[in-house]
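Biologist: Please walk me through this structure, one feature at a time. Keep it brisk.

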Amino acid sequence: LVDLLGHEDLGEKCLFFMIDGLYGGMRPRNNDYPLKFRSSPFKDHWTSSVFMSQDPIALDSVIFDFLRNEPEVHEMLYDNETDKIFCADNYLHEAANANHPPSKTKYAPNGKQLKSLGVHEHWNNADDKEYTGNMGKKGGIELVKITYEIEKSVAASWTGII
């Protein structure tokens, strides 16, 4: 995945990345119907969100944080014996450090060593959902939340990354 994101004819040609999360839902193995997201800010509703960024690694980092905090996904990713999350975000660590990746892999899809492909970090916690950019530090992810009311009882949100 790191090689694809860094390839001159694939990831390097993209100026803008978007993830459609309008009707995002999980389909557990024992259920025929997708489940709505339980975590905040969705609270048992469809995600009704569009996630956007010019940084594909930052975008996937944010999506990973939302997914790993869903109880069903967390259960699949979490190893109770080691008290650690499985390596589902390894490619994000590799891509953010493509010039010196943790695996020591040489990423050179165009014949020369890749530089960092973007910013990877996790939010401070699932309630505040703040990244370094939200805390006033430069060079990190900033999660921008835009919420509007459709009706008094129903709120929908679009979320973007700058």
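Modeller: Start with contact: heavy atoms within 4.5 Å. By that rule, E94 touches V2, P101, P102, S103, T105 and Y107, leaving aside residues up to four places away in sequence. Now the ground rules. This is a predicted model, where local features need pLDDT of at least 70 and side-chain atom pairs count only at pLDDT 80 or more, while totals for chains, interfaces and linings use all residues. Numbering starts from 1 along each chain as its sequence is written, and side-chain values use heavy atoms, with hydrogens and water left out.

Biologist: What order do the elements of the protein run in from the N terminus?

Modeller: Elements are DSSP runs, numbered from the N terminus: helices are H or I with at least four residues, strands are E with at least two. The protein has four helices and six strands. Their order is α-β-β-α-α-β-β-α-β-β.

Biologist: What share of the 162 residues is buried?

Modeller: Buried means under 20% relative accessible area, exposed means over 50%, and partly exposed is in between (1.4 Å probe, protein chains only). Here buried residues are 35% of the 162. Areas come from the Shrake-Rupley method with a 1.4 Å probe, and for residues only the protein chains shown count as cover. The protein's accessible surface is about 10500 Å², with 53% of it on carbon and sulfur atoms.

Biologist: What percentage of contacts with a separation of 6 or more joins residues 24 or more positions apart?

Modeller: For this protein, 52%. K106 and D3 are 103 residues apart along the chain, and their C-alpha atoms are separated by 9.5 Å. K106 sits in the loop between helix 4 and strand 5. K106 is exposed, at 60% relative accessible area.

Biologist: Which residues form salt bridges, D9 and K13 among them?

Modeller: Side chains of opposite charge can pair when their charged atoms come close. A salt bridge is a side-chain nitrogen of Lys or Arg within 4 Å of a carboxyl oxygen of Asp or Glu. The structure holds two. In one, D9 pairs with K13, with the closest N and O atoms 3.7 Å apart. D9 is partly exposed at 45%, and K13 is exposed at 56%. In the other, D65 pairs with R68, with the closest N and O atoms 3.3 Å apart. D65 is buried, with a relative accessible area of 0%.

Biologist: Why are D65 and R68 about one helical turn apart?

Modeller: An α-helix has 3.6 residues a turn, so residues three or four places apart point the same way. D65 and R68 are three residues apart in helix 2, which means a separation of about one helical turn.

Biologist: How many residues of helix 2 are buried?

Modeller: 11 of 13, so helix 2 is largely enclosed by the rest of the structure. Among the buried ones are I57, L59, F64 and F66. The expected span is 1.5 Å times one less than the number of residues. For helix 2 (residues 56-68) that gives 18 Å, and its end C-alpha atoms are 18 Å apart, which agrees.

Biologist: Which side chain of opposite charge is nearest to E94?

Modeller: Lys and Arg count as positive, Asp and Glu as negative; His and the chain ends are not counted. For E94 the nearest opposite charge is K104, 8.8 Å away. E94 is buried and has no salt bridge. Its place is in helix 4.

Biologist: Which residues have a positive phi, K129 being one? And where is the cis peptide bond?

Modeller: Most residues other than glycine have a negative phi, and most peptide bonds are trans. S48 has a positive phi of about 45 degrees. K129 has one near 55 degrees. S48 is partly exposed at 26%, whereas K129 is buried at 6%. K129 lies in the loop between helix 4 (90-96) and strand 5 (143-149). S48 lies in the loop between strand 1 and strand 2. The cis bond joins S40 and P41, with omega about 10 degrees. P41 is in the loop between strand 1 (17-21) and strand 2 (49-53).

Biologist: Which residues form a nonpolar patch on the surface?

Modeller: Patch members have over 30% relative accessible area and no salt bridge; like charges are joined within 9 Å, nonpolar side chains (Val, Leu, Ile, Met, Phe, Trp, Tyr) within 5 Å. Here L1, L4 and L10 form one, with about 300 Å² of accessible area together. L10 is in the loop between helix 1 (2-6) and strand 1. L10 is partly exposed, at 43%.
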